[in-house]
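Colleague: I've got this model open and I'd like to learn how to read its sheets and helices. Can you walk me through it?

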Amino acid sequence: MGEDGTVTSAPQRPDGPTPSPRLIATDLDGTLLRDDKTVSPRTVAALAAAEEAGIEVFFVTGRPARWMGVVSDHVHGHGLAICANGAAVVDLHAGPEFVQVRGLPRATALTVVDALRAAAPGTTFAVERTTGINYEPAYPPFFQDPGATVATAEKLLHEEFDDSAEPVLKLLAHHAELAPDEFLLLARSVAGGYASITRSSPTALLEISGLGVSKASTLALCCAERGISPAEVVAFGDMPNDVEMLSWAGTSYAMGNAHPDVIAAASGRTVANNEDGVALVIERILTEHIG
């Protein structure tokens, strides 16, 4: 282990025996993907070997469906992925195509906007829908979309402004001065009763979904449909939006580069994303349980 607490060699196993896994659930950015947003050849091979061995693989990410091209070639079998922190299940073999949407009601989103404007003046917002993202004029240009509508959040969320009826997947809130974890705690204190609030960015950028919507809750639904118990799931993650999923899964690994809350939630640790930490654990699983 390094001086900063990161895991630099072999993964730290969870305590006690683990059942033979039936499903692997992995986050993407900071977990499966390297920092250059690629999937290493070793990881590609490990994912394919897991599927060949009969272990389903689910990508479970905060990314919208339109950003899944980086892994779409590596989805086998079912072709499904969980996107937008659990707000959508998409079929990557079909486009991607939305299979299930767990949206954020517009009225609820407006309530959260009001609460955060009052508690943290200077907060700016973006609205992620199934059709794309729209944002406020002062919202940072993280990923500029030439087709985006630019207006206040109140206008973007008003039914008379947009009659497309496309579901809101999540509300994004950014603050230029607050520390990321400070902003998260504040937002949960004033608006956590209305929506699920988390973060995955190194900046003070919050991701706000419908109440009860998370990576964990949508993964649980997908597993229930397949008759897979939490004990049969191995999960990987690195940021606060992974905490619920890692707590829910019977076996879970925090990456060597993980946030402290993720380390506390996981039952084990692996090496960092740039060192193929997910692949290393999958290889060991296949050796121990499949032979």
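This is a predicted model: local features need pLDDT of at least 70, side-chain atom pairs count only at pLDDT 80 or more; totals for chains, interfaces and linings use all residues.

Colleague: Which residue in β11 is the bridge partner of Ala 25?

Modeller: Ala 25 is partnered with Ala 235 there.

Colleague: What is the strand order of the open sheet with mixed pairing?

Modeller: Reading across its 8 strands, you go β5-β4-β3-β2-β1-β11-β12-β13. The two ends of that order are β5 (97-101) and β13 (268-269); each has a single partner strand, so one side of each lacks a neighbour in the sheet. Helix α2 (residues 41-52) packs on this sheet, where it touches β1 and β2 (56-60). Compare directions and you get about 135° between α2 and β2.

Colleague: And the sheet of 5 strands: what are its order and pairing?

Modeller: That one is also open, with antiparallel pairing and the order β7-β6-β8-β10-β9. Here β7 (132-135) and β9 (195-199) are the edge strands; since each pairs with a single strand, one side of each is left without a neighbour in the sheet. If you ignore direction, neighbouring strands are turned by 25° against each other on average.

Colleague: How many bridges join β9 to β10?

Modeller: There are 5, and the two strands run antiparallel, with β10 covering residues 205-210. To find your place in that pair, look for Thr 198, which stands opposite Glu 207 in β10.

Colleague: Now the helices. Which strands does α3 lie across?

Modeller: Helix α3 (residues 106-119) lies across β6 (124-129), β8 (168-174), β9 and β10, and it runs at about 5° to β8. Helix α5 (residues 180-191) packs on the sheet too, touching β8, β9 and β10, with its direction at about 175° to that of β9.

Colleague: At what angle do α3 and α5 pack?

Modeller: About 125°, and their axes are 9 Å apart. That angle makes α3 oblique to α5. The crossing of the two helices is right-handed.

Colleague: Which residues make that contact?

Modeller: From α3 you have Val 112, Ala 115, Leu 116 and Ala 119, and from α5 Leu 186, Ala 187, Val 190 and Ala 191. Sort the α3 contact with α5 by class and you get 8 nonpolar residues, no polar and no charged ones.

Key. Residues are numbered from 1 along each chain as its sequence is written. Side-chain values use heavy atoms; hydrogens and water are left out. Two strands pair if DSSP finds at least two bridges between them. Helices (H or I, at least four residues) and strands (E, at least two) are DSSP runs, numbered from the N terminus. Axes are lines fitted to C-alpha atoms, for helices over the stretch in contact, and angles run from 0 to 180 degrees between N-to-C directions. Contact means heavy atoms within 4.5 Å. Angles under 35 degrees count as roughly parallel, over 145 as roughly antiparallel, 65 to 115 as roughly perpendicular and the rest as oblique. A crossing is left-handed if the near helix is turned anticlockwise from the far one by less than a right angle, and right-handed if clockwise. Ala, Val, Leu, Ile, Met, Phe, Trp, Tyr, Cys and Pro count as nonpolar, Asp, Glu, Lys and Arg as charged, and the others, Gly among them, as polar.
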